[in-house]
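Subject: Structure for your review

Dear colleague,

Please find below the structure that I am handing over to you. My notes on it follow.

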Amino acid sequence: MGRTLENKKAIVAELKETLSESQLAVVIDYKGLSVAQMTDLRGRLRETDAVCKVTKNTLMRIAVEGDETWEPMTEFLEGSSAFLFAKDDFGTAIKAYQAFQKDTKKTELRGGVLEGQKLSPDDIKALTELPTKEELIARIAAAINSIPTKLAVGTNAVPKKLAVGIKEVPSSLVRAVKAVSEKEQ
C-alpha cells in the first residue's frame with residue numbers, strides 16, 4: 001500500500017519542522033543496516049540531542065526546496081538515504097555516528113549542510129575536532145576568573161613601581177647636582 005498525498009504532505013511538514021530546529025543536517029547511505037542497527041544508531045544520537053530520520057529522497061527534496069539554508073543538501077540525495085539532524089552540539093552527534101559507523105562498518109557518510117554551506121565528509125569529520133559547548137563554556141569561565149587575578153597583580157605592582165620611582169628621585173637629583181658642580185669646577 002502506497003502513501004497517500006495527505007500522508008506525504010504530513011511527512012514533508014514534519015521534515016521542514018525538524019530542519020527549522022536543526023543547525024546541521026548530515027546525509028548517510030544506510031544500505032545494509034538491520035532494524036536493530038538502525039534502532040541502535042537512533043539511540044546513540046538521541047543521547048546527543050540529535051535525530052535520525054529515514055525518508056524518501058523525493059520528500060526531502062520537496063522539504064528543502066526554496067530554503068537557501070538547506071537546498072545544498074539536494075546534491076547528496078541519491079540511493080537509500082538516512083538523515084541525521086543535530087540541534088546544538090553537532091560535534092558530539094557526529095562522534096556518536098562515527099562510533100556507530102566504526103562498530104557496524106555498513107554506513108557511508110555522503111555529506112551535509114551547516115548554515116547553508118555544503119559539507120564534504122572530510123569537512124564533517126573536521127567538525128568533531130571543534131570544542132564542545134561545555135568545553136567552550138569552561139574556557140570562557142576560566143578566562144573570566146583570571147581577570148580579577150591579573151587586575152590584582154597589576155594594581156599591586158603600581159604602588160611598588162611608584163615607590164621605587166619616588167625613592168630614585170632624590171638619588172638621581174643628587175647625582176645631577178654633583179655632575180653639574182663637577183662640571184663647573
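In what order do the five strands form the open sheet? In this predicted model, the order is S2-S3-S1-S4-S5, and the pairing is antiparallel. The edges are taken by strand S2 (50-54) and strand S5 (117-119); each has a single partner strand, so one side of each is left without a neighbour in the sheet. From one strand to the next, the twist averages 20 degrees.

Within the sheet, S1 and strand S4 (residues 108-114) are joined in the antiparallel sense over six bridges. Leu 24 stands opposite Leu 114 in S4. A helix, H4, lies across S1, S2, S3 and S4, and runs at about 170 degrees to S4.

One cavity of 30 Å³ or more turns up in a search of the whole structure. The largest cavity holds about 70 Å³ of space. The lining is made up of Leu 24, Val 26, Leu 45, Ala 50, Leu 84, Phe 85, Ala 86, Ala 93, Ile 94, Tyr 97 and Ile 124.

With kind regards

Methods:
Residues numbered from 1 in each chain as written. Predicted model: local features only at pLDDT ≥ 70, side-chain atom pairs only at ≥ 80, totals over all residues. Heavy atoms only, no water. 1 Å grid on protein atoms, 1.4 Å probe; cavity = no way out; pocket = protein on both sides within 12 Å on 5 of 7 lines; lining within 4 Å. Points joined across faces, edges and corners; volume = space filled by probe spheres on them. Pairing = 2+ DSSP bridges. Helix = DSSP H or I, 4+ residues; strand = E, 2+ residues; numbered from the N terminus. Axes fitted to C-alpha atoms, helices over the stretch in contact; angles between N-to-C directions. Contact = heavy atoms within 4.5 Å.
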